[in-house]
Amino acid sequence: MKRIFIALLSFALLMGVGVDAQAQTKKKKSSKAKTSATTGKKKSSGDKSSKAQKPKEPPKPTTVELPYNSNDCLFAIPLEIDKPFGPTTPPDGAGRIQEVVADKANPNLFEREHNSVWYKVSIPYNGMLEISIAQVSQWDDYDFLVYKNTGQYFSNQVMLNKVKPLAIHMAGIDSAAMFAAVMKTDKQKAAEARAQQAAENKAKQQAKAQAAKRPADEPPLPEIDASGAVKPTIGMTCDATAKMFTKKQAGQFIKSIPVRMGEEYYIVLDNCTPNGQGHTITVSVHADAYEPLVLFYDKKGRKYVDVDLMILERGGKEGERPIVKDERYRGGRVKFVPGFSYLLYAKKDGFFSIYREFNSRDLMMRDTVMLYHMERTERGTSFPIRDIYFESGEATLIGNYDSVLNEYLGMFRNHPEVQFLVKCNVQSYGVNVEEDMLLSLERAKAIKSWFVKNGLDARRISTSGMTKNEIKRNAAAALNDKGGFSDVRAEIIITGRTE
């Protein structure tokens, strides 16, 4: 009986709890329904505004997986100059072979590899080697050595300590300074925030002042967001003074070493901290270079646009080296080195592609901005031509017309689907309208013949001269001193696209 009583009591308690929970659930549901019913559209509009006001978080960088065998020299990861690699997963272990081990003759090496990764880089031009390593965690203790590749059996020579490192960075972390930085007071943090905000405001004011000085037809420069750049923790720079850091020293940067075109260098990076985190590494060659801001501008839309951009460097031992390869290039600084030539190719749907070849000598004479206008391929887009000349009263092209028309030739050659009209103007006082109409048409045909002679399909090109009303209107304006003749001698107008 006692067991039956306990079972009945337990069942009653369970039923009571279940009923109470259902009642609370119903109460919550009814209150929610009542709230939504009373607020109605106001609630939904409030939700939309709150979503719209919520700032977008910047996309988190994708972590690069380190290959399992990159702990060994034979499987060093190749790096590209000026291209950040990372943030990586944490290096784990020393690999199959302990290549770097200190001995009495070589005390300034790793006593052993703890959690290492090997990198290699080919030098494209002469200069000073710079290395930037940004640790994910400031509490990690990263060290690095730089070796020059000596050729066959290089890894064996490193393992036997027959190859000496050219750069040594084995400084320990300054725990006290890092702890002090983490434990800053609220006043210190507020003061730093105010100083940073003041610097940003000053930069914006300077940008506005520069924009005000520019001509009206020149677009103001956009603000290039450099927030994605990672701040180096340790590395090697030209500005540093220390030639090396041993285990007993504390410091961040050692002095760069000179390198030459065609050489190959190996970097072994080791984290002494167990269960550490990853890093981002960037290798550069410091040289007297020209670093303009490269931008692409839609003149009709009055805005800067992103493009699929490829810039190749020519003249090195590698042949053609891509220095920019970005499907969504939004603008930034590009480093061009003296003694090289370059090829730039930019494309975007709905716009003419841009293809340019130039050398470093041309760049040194330019401004600090390389601005390219993206012209639309849509119907009605017009390209006025001013710097083209004909024999007086004839349809014979004279002067440097090849260089003028070559720009348009490249545009239409890269877009065979685009059809266009060539129209020419003449300066006429309306004395013989019929002859002037015929002359303008013959000049348009001369330009078409040049395009056809240089490879364009004649079926894509139509021609037109001035109409009788256009000649009379221009003549009247010139005679009455109400504008004179236009300096546009020819015009190319997009008429359509073939499917």
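Colleague: Which residues does Ser353 touch, not counting residues up to four places away in sequence?

Modeller: In this predicted model, Ser353 lies in the loop between strand S17 (341-347) and strand S18 (354-359). Leaving aside residues up to four places away in sequence, the residues that Ser353 touches are Tyr345, Ala346, Lys347 and His415.

Colleague: Is Ser353 buried or exposed?

Modeller: The relative accessible area of Ser353 is 9%. Buried means under 20%, so Ser353 counts as buried.

Colleague: Which residue in S18 is the bridge partner of Leu343?

Modeller: S17 and S18 pair in the antiparallel sense, over 6 bridges. Within S18, the bridge partner of Leu343 is Glu357.

Colleague: Which strands stand at the edges of the open sheet?

Modeller: The sheet has 4 strands in the order S15-S14-S17-S18, with antiparallel pairing. Two of these strands each have a single partner strand, so one side of each is left without a neighbour in the sheet. The strands at the edges are S15 and S18.

Colleague: Is Cys272 buried or partly exposed?

Modeller: Cys73, with a relative accessible area of 2%, is buried. For Cys272 the relative accessible area is 26%. Buried requires a value under 20%, so Cys272 is classed as partly exposed.

Terms used:
Residues are numbered from 1 along each chain as its sequence is written. This is a predicted model: local features need pLDDT of at least 70, side-chain atom pairs count only at pLDDT 80 or more; totals for chains, interfaces and linings use all residues. Side-chain values use heavy atoms; hydrogens and water are left out. Helices (H or I, at least four residues) and strands (E, at least two) are DSSP runs, numbered from the N terminus. Buried means under 20% relative accessible area, exposed over 50%, partly exposed in between (1.4 Å probe, protein chains only). Contact means heavy atoms within 4.5 Å. Two strands pair if DSSP finds at least two bridges between them.
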